[in-house]
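Trainee: I am new to this structure. Can we go through it together?

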Amino acid sequence: MPQPILQLERVARDFFDGKTQRRVLYETDLALYPGELTILAGPSGSGKTTLLTIMGLVLKPSAGDVVVAGERVTHLPEHKLASVRRMRYGFVFQLAELLPALSVVENVIVAAGIQGGQVSADVRARALALLESFGLSDCLGLKPLQLSGGQKQRVAIARALINDPSILLCDEPTSALDAESSTIVLDTLKQLSRDTHRALLLVTHDPRVFPYADRLLKIDNGRIIFDSRHPLPEENL
Amino acid sequence: MRSLVALKILLHDRATTLGSLIGVIAIVFLVGQQLAVLFGLFTFMSVLVDHSGADIWVCSKHTSNVNSAGLIPERYLDRISGLPFVVWAEPLLFGNGTFVTAQGTNESVQVVGLRMPRAAAGPWRFFKGGSEGLLDHEGITLDRLDLRMFGNPEYGKVYEINSVRVRVSGITQSIKGFAGRLVFTNMVKAREILKTPPGRCRAILVKLADGIDRAAAITQLQAMLPAAEVIAAADLSALTRIYYVKNTGMGGSFGFSTIVGALVGIIIITLTMYTAVLQRQKDFAVLRALGARKRDILIIVLLQSLMIGVAGIFIGFLLLSLFLQATLDTPLPSYMPLAAAPVLAVGTLLLCILGSVLAMRKAVSIEPASVFR
């Protein structure tokens with residue numbers, strides 16, 4: 001069995017609403033492995049976004065540890081966490097979230113150059129290659145407003161891949177797309193998950209996406225209630 | 001890449017960028033215009049001293065500004081002229097008078113009497129005629145900018161100042177004083193107009209030989225003339241300006257309008273840049289999620305502030321130069337010393353950064369997790 005790329009060890013998260021403290025994620029152990037498309041599913045308010053943001057190092061857990069490629073990163077300072085995100089993570093958001101001021105190609109390379117310095121010719125070439133592989137060669141100079149939903153999401157995937165991340169986190173990437181665009185995006189993600197050095201986690205509440213999963217996780221009320229890799233006893237489902 | 005992002009966002013959010021730009025332009029133009037008027041008035045205040053060509057002025061004791069100098073004995077002139085390090089020494093007489101226009105109205109003037117032929121502290125720009133016109137016993141100069149006030153007197157015609165007959169024998173070009181419209185004449189005519197007792201003058205101007213230590217010369221002259229005030233021309237100029245700034249309320253007035261100009265600019269910049277950051281919250285959250293550190297976001301907003309600052313300063317100075325050009329050779333005082341321009345530019349840039357502090361604070365406080373909600 002390959003080594004996990006991302007591990008959560010007894011990770012929990014509490015939120016304080018001003019009056020009371022509420023636990024939204026209970027002690028969770030989870031590992032993501034390379035070459036695997038993991039789907040995290042659950043109803044609204046189940047804790048899947050909280051889990052995703054903790055895995056994405058944009059939210060600190062209240063308890064437990066996050067281990068990325070063998071390194072405990074939970075207590076790293078903010079700027080180091082940002083660097084880990086840039087080097088090891090790719091994000092695909094629900095609404096693509098491209099920067100409207102930038103062109104398609106700039107939206108892709110921004111993820112490589114956001115910590116300053118010149119963007120190398122290699123990065124630019126890689127961006128062009130990614131966009132070409134996603135059928136976006138004709139859109140390089142366009143602004144996001146000029147793209148369709150599916151095209152935007154493919155640009156977002158190209159952006160997520162520009163740093164060749166080992167962890168790709170996708171937050172309901174097809175929820176705002178029509179059926180045809182959804183299929184294209186999911187096929188693309190599935191193909192990306194075949195890369196043996198990359199783990200891919202896709203958060204969704206849409207059961208039609210489940211067939212794409214190599215591994216299916218279900219979360220409810222802040223607890224993982226199903227893991228297809230380690231099926232839980234029937235009474236816990 | 002951060003500078004590209006900063007620039008692209010600015011170009012994309014045109015309305016807010018324009019708002020911030022207007023804030024910077026407001027600072028440069030409003031403050032610059034106020035300063036130009038103040039500096040213009042400065043040049044009026046000490047115009048005689050600044051254009052005297054002398055290194056040292058000898059005035060009455062305790063002279064706090066050139067226009068308040070009392071009478072001193074003219075015999076000092078011989079003692080000063082006899083010193084080996086003095087190239088020349090010239091008496092100067094000035095005082096207030098009333099010019100009677102062709103229409104019979106009265107206009108107050110400041111009469112300046114010069115000893116010919118050197119005419120030290122005399123007119124240096126002529127629109128018509130020249131210094132030689134003052135060799136005429138009755139000869140006076142009027143300034144081109146004042147002609148309308150004087151009822152458009154004719155060149156070569158006779159008029160009256162303090163009931164004394166004078167002849168317009170020269171028209172100066174944009175020479176303005178602070179204590180009244182400057183009318184130059186020869187020493188004899190000035191004495192007659194101002195009814196100055198014989199053997200008295202207002203000041204003695206001293207030109208030192210090249211290489212002479214000015215401070216040592218002043219000390220020596222002061223020891224020789226203990227009843228007079230011996231002062232460097234530059235110091236008298238500064239004293240005169242300070243006197244008027246302190247005693248006329250001008251300093252407070254200009255200081256207040258300058259601060260108001262700067263405040264208006266800062267408020268515009270602060271509001272527009274803060275609004276811009278609020279509008280771009282999601283973009284900054286995305287950038288943070290993609291790996292931007294707080295420092296990177298701070299740099300982007302700072303770069304935006306600097307870009308707006310530089311562009312605004314450029315446009316502001318362009319407008320300011322148009323203002324200065326338009327007010328050149330007009331009665332409106334306006335003058336911007338070359339050294340003041342970089343100070344204004346750097347000051348504006350600092351105000352611009354100050355104005356964007358709130359926006360920066362907001363931008364770095366945006367949590368990357370917010371993009372997932």
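Predicted model: local features only at pLDDT ≥ 70, side-chain atom pairs only at ≥ 80, totals over all residues.

Mentor: Residues are numbered from 1 along each chain as its sequence is written, chains are lettered from A and ligands numbered from 1 in the order in which they are written, and side-chain values use heavy atoms, with hydrogens and water left out.

Trainee: How are the axes of α2(B) and α10(B) oriented to each other?

Mentor: Helices are DSSP runs (H or I, at least four residues), numbered from the N terminus. The axes of α2 (residues 14–45) and α10 (residues 294–327) of chain B come within 8 Å and cross at roughly 40°. Angles under 35 degrees count as roughly parallel, over 145 as roughly antiparallel, 65 to 115 as roughly perpendicular and the rest as oblique. Therefore α2(B) is to α10(B) oblique.

Trainee: How much space lies in the largest pocket?

Mentor: On a 1 Å grid over the protein atoms alone, a pocket is an open set of points with protein on both sides within 12 Å along at least five of seven lines, and a cavity is a set where a 1.4 Å probe fits but cannot get out; lining residues have an atom within 4 Å of a point. A volume is the space filled by probe spheres set on the points, which are joined across faces, edges and corners. For the largest pocket, that space is about 500 Å³.

Trainee: Which residues lining the largest cavity are the closest to its centre?

Mentor: There are four cavities of 30 Å³ or more. The largest cavity holds about 90 Å³. Of its 13 lining residues, the closest to the centre are B:Leu10, B:Thr16, B:Thr17, B:Ala276 and B:Gln304.

Trainee: Which residues does A:Gln151 contact, leaving aside its neighbours within four places in sequence?

Mentor: A:Gln151 is in helix α5 (residues 149–161) of chain A. Its C-alpha is 9.4 Å from that of A:Ala96, 55 residues away in sequence. Its contacts beyond those neighbours are A:Leu136 and A:Cys139.

Note on methods
Axes fitted to C-alpha atoms, helices over the stretch in contact; angles between N-to-C directions. Helix = DSSP H or I, 4+ residues; strand = E, 2+ residues; numbered from the N terminus. Contact = heavy atoms within 4.5 Å.
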